[in-house]
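Let's take a friendly tour of a protein model. Keep the picture open while you read.

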Amino acid sequence: MYNQPCSEYDLLINDQRDFIKEHRIDEISVQSLFKATIDFVENEPEAASVVYISPDDFSKAKSTKISNVRINLKFAIDMIFAVNLVLTSDGMWLLLSLLKAIVFLYDSMTTKLEKDEAIVLFAIYRLQKADSSRIKEYLDSLATSNKSGDFKVANVDESLQKLKKINTIDTVDGMWYITELIVVKK
């Protein structure tokens, strides 16, 4: 026998295993529900990518890339109603397992940014496009004008590489620019 790679459906079921056991839900029913209502689309560009930043608290920054998953909730609810399970505890737990799967998928698409990464991203957002030295100068000027030290970054180059790795920023001719929609919360 050979080892098959773990599919997305296997990851969802593994995440739900304790919930399935605790509420005595039929695992095959859960797998069938997931496979019938959740579609993982390969080789499709990201549907949306957003970074949320709060200048008041950079530690709450997060990047969300929603892509490659389609969920047919209407079909799922119709399926549960069709088998007259919705009024039974089995039907409710089955529906809740689908909702837990949606939360799991959302969480897996969200990356929490470290404070330094959020500060560097905020600087690029303000500058629109800049090279590493200009970003460092800008952050230094913010740090001196803001006595609280909120804008101090230990390693700007490392933060730039981390942001590039998650496709939040990119570089052309040494100039860094943002590739995602930035939402600044006040």
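## Reading the model

Helices (H or I, at least four residues) and strands (E, at least two) are DSSP runs, numbered from the N terminus. This is a predicted model, where local features need pLDDT of at least 70, side-chain atom pairs count only at pLDDT 80 or more, and totals for chains, interfaces and linings use all residues. Residues are numbered from 1 along each chain as its sequence is written, and side-chain values use heavy atoms, with hydrogens and water left out.

## The whole chain

The protein chain has 7 helices and 9 strands. Of its 186 residues, 34% are buried, where buried means under 20% relative accessible area, exposed over 50%, and partly exposed in between (1.4 Å probe, protein chains only).

Now for contacts, meaning heavy atoms within 4.5 Å. Take those between residues at least 6 apart in sequence: 68% of them join residues at least 24 apart.

In soluble globular proteins, nonpolar side chains tend to be buried together. A nonpolar core here is a set of buried Ala, Val, Leu, Ile, Met, Phe, Trp, Tyr and Cys residues joined through side-chain atoms within 4.5 Å. The largest one has 25 residues, and I53, V120, L121, I135, L139 and L160 touch the most other members. β2 (48-53), α5 (115-127), α6 (132-145) and α7 (156-165) each give two or more residues to this core, with the largest share, 8 residues, coming from α5.

Q128 counts as exposed because its relative accessibility is 57%.

Next, go to the loop between β7 (169-172) and β8 (175-178), where you'll find D173. D173 isn't a glycine either, yet it has a positive phi of about 55°. With 79% relative accessibility, D173 counts as exposed too.
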